[in-house]
Amino acid sequence: MRRIPPLALVVSLVVLLGLCPTRWIAPLTGDLSAVVWVPLAPLSHAATTVRLWLRPRPVATTGDDATAAVERDYYRGLWHAERIQTEALEKKLSLYERTIGPPSSGGAVRLASATVIGRIAGSGGVALRVNVGSQHGVTAGDVAVIDGDALVGRLAPEVAAVSSLVISIADRSIGRFDGYITPAAQERSHRPSALAVQLLPDGSGSLRADVDLSAAVSVGDAVRLKDASWPPGAQGMRVGRVAEVRRKDAQPLRGEVVVQPTTDPALIGEVVIKLSAEKRP
């Protein structure tokens, strides 16, 4: 009878144990590992001794030194936390100053800083979920801006207590609204020329408006909002810039402008809400 080599028996046993359910062999693994570790213990002890000789342990600190190190790390963490908070407050203050404008611009303006906490895909745009709601004084229809006068969108009718939804200016649900086009060269003029247009989101992230081809409209011209159905704080806000001027096939004497919105909601992390409701006592 042919004798089976011991190695083959060991390999077969290992394979057999590997195929067994874990609950069958779990009680045995601890005892087996303890038995296997016995001959390895002297080698492990020797290796540890060599490691400590090559890299000695740090000298233990006294009680006073340990207390000082803990306090140092604690106050260092506080300093970094305060620095981050200061930078955030400076950013908010800068947003407020750019949004309010100079003191001579009119009456008091009430603002609410809001952080974007979520995004929802809409019809031609991205709606922003922000962390302010009715408890902060915001109401449906209020407008959200960035960089002082760049219009992001308008608050949806459903305003929760501590959150609300900003509908992008390029969303189809915004509907048609009035605005005007100002030549890029006259943006800093006290009395720039203005061409009245009606803007309509096209569902692809842009706005479109019909114009007379004889009107002096060029790519890069600024487009701003002027619509009585929008809150006073939205009037004059930047909507976008003219990206394309083309002739309408059905009306050869009429043209169409494609307006690219100033803001991209997908890249916005914080907005300022211009409150239109009176402050309640």
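Trainee: Let's start with Asp 210. Is Asp 210 buried, partly exposed or exposed?
Mentor: Asp 210 is partly exposed, because its relative accessibility is 37% and that class runs between 20% and 50%. Keep in mind that this is a predicted model.

Trainee: Which residue does Asp 210 form a salt bridge with?
Mentor: Its partner is Lys 248, and the closest N and O atoms are 3.3 Å apart. Asp 210 sits in strand 8 (residues 207–212) and Lys 248 in the loop between strand 10 and strand 11 (254–261), so the pair ties together parts that are 38 residues apart in sequence. Lys 248 is partly exposed too, with a relative accessible area of 21%.

Trainee: OK, and how many salt bridges does the structure hold?
Mentor: Seven. One of them joins Arg 238 to Asp 149, with 2.8 Å between the closest N and O atoms. Arg 238 belongs to strand 10 (residues 238–247), while Asp 149 is in the loop between strand 3 (143–146) and strand 4 (150–155), so this pair ties together parts that are 89 residues apart in sequence.

Trainee: What about Arg 246, which side chain does Arg 246 meet in a salt bridge?
Mentor: That would be Glu 256, at 3.4 Å from N to O. Arg 246 is in strand 10 and Glu 256 in strand 11, 10 residues apart. Arg 246 counts as partly exposed at 30% relative accessibility, whereas Glu 256 counts as buried at 17%.

Trainee: Which residues do shared partners join into one network?
Mentor: Asp 202, Arg 208, Glu 244, Arg 246 and Glu 256 are linked that way, through salt bridges that share partners.

Trainee: Switching topic: what's the volume of the largest pocket?
Mentor: About 280 Å³. Its lining has 13 residues, and Tyr 180, Glu 187, Ser 189, Pro 192 and Arg 224 lie nearest the centre. Strand 6 (177–182) and strand 9 (222–225) are the elements that give two or more residues to that lining.

Trainee: How does the lining split by class?
Mentor: There are five nonpolar, five polar and three charged residues in the lining of the largest pocket.

Trainee: Last one: which residues form the nonpolar patch on the surface?
Mentor: Leu 7, Val 11, Val 15 and Leu 19 do, with about 420 Å² of accessible area together. Val 11 lies in helix 1 (residues 6–19) and is partly exposed, with a relative accessible area of 44%.

How values were computed. Residues are numbered from 1 along each chain as its sequence is written. This is a predicted model: local features need pLDDT of at least 70, side-chain atom pairs count only at pLDDT 80 or more; totals for chains, interfaces and linings use all residues. Side-chain values use heavy atoms; hydrogens and water are left out. Patches are made of residues with over 30% relative accessible area and no salt bridge: like charges are joined within 9 Å, nonpolar side chains (Val, Leu, Ile, Met, Phe, Trp, Tyr) within 5 Å. Accessible areas come from the Shrake-Rupley method with a 1.4 Å probe; for residues, only the protein chains shown count as cover. A salt bridge is a side-chain nitrogen of Lys or Arg within 4 Å of a carboxyl oxygen of Asp or Glu. Helices (H or I, at least four residues) and strands (E, at least two) are DSSP runs, numbered from the N terminus. Buried means under 20% relative accessible area, exposed over 50%, partly exposed in between (1.4 Å probe, protein chains only). On a 1 Å grid over the protein atoms alone, a cavity is a set of points where a 1.4 Å probe fits but cannot get out, and a pocket is an open set with protein on both sides within 12 Å along at least five of seven lines; lining residues have an atom within 4 Å of a point. Grid points are joined across faces, edges and corners, and a volume is the space filled by probe spheres set on the points. Ala, Val, Leu, Ile, Met, Phe, Trp, Tyr, Cys and Pro count as nonpolar, Asp, Glu, Lys and Arg as charged, and the others, Gly among them, as polar.
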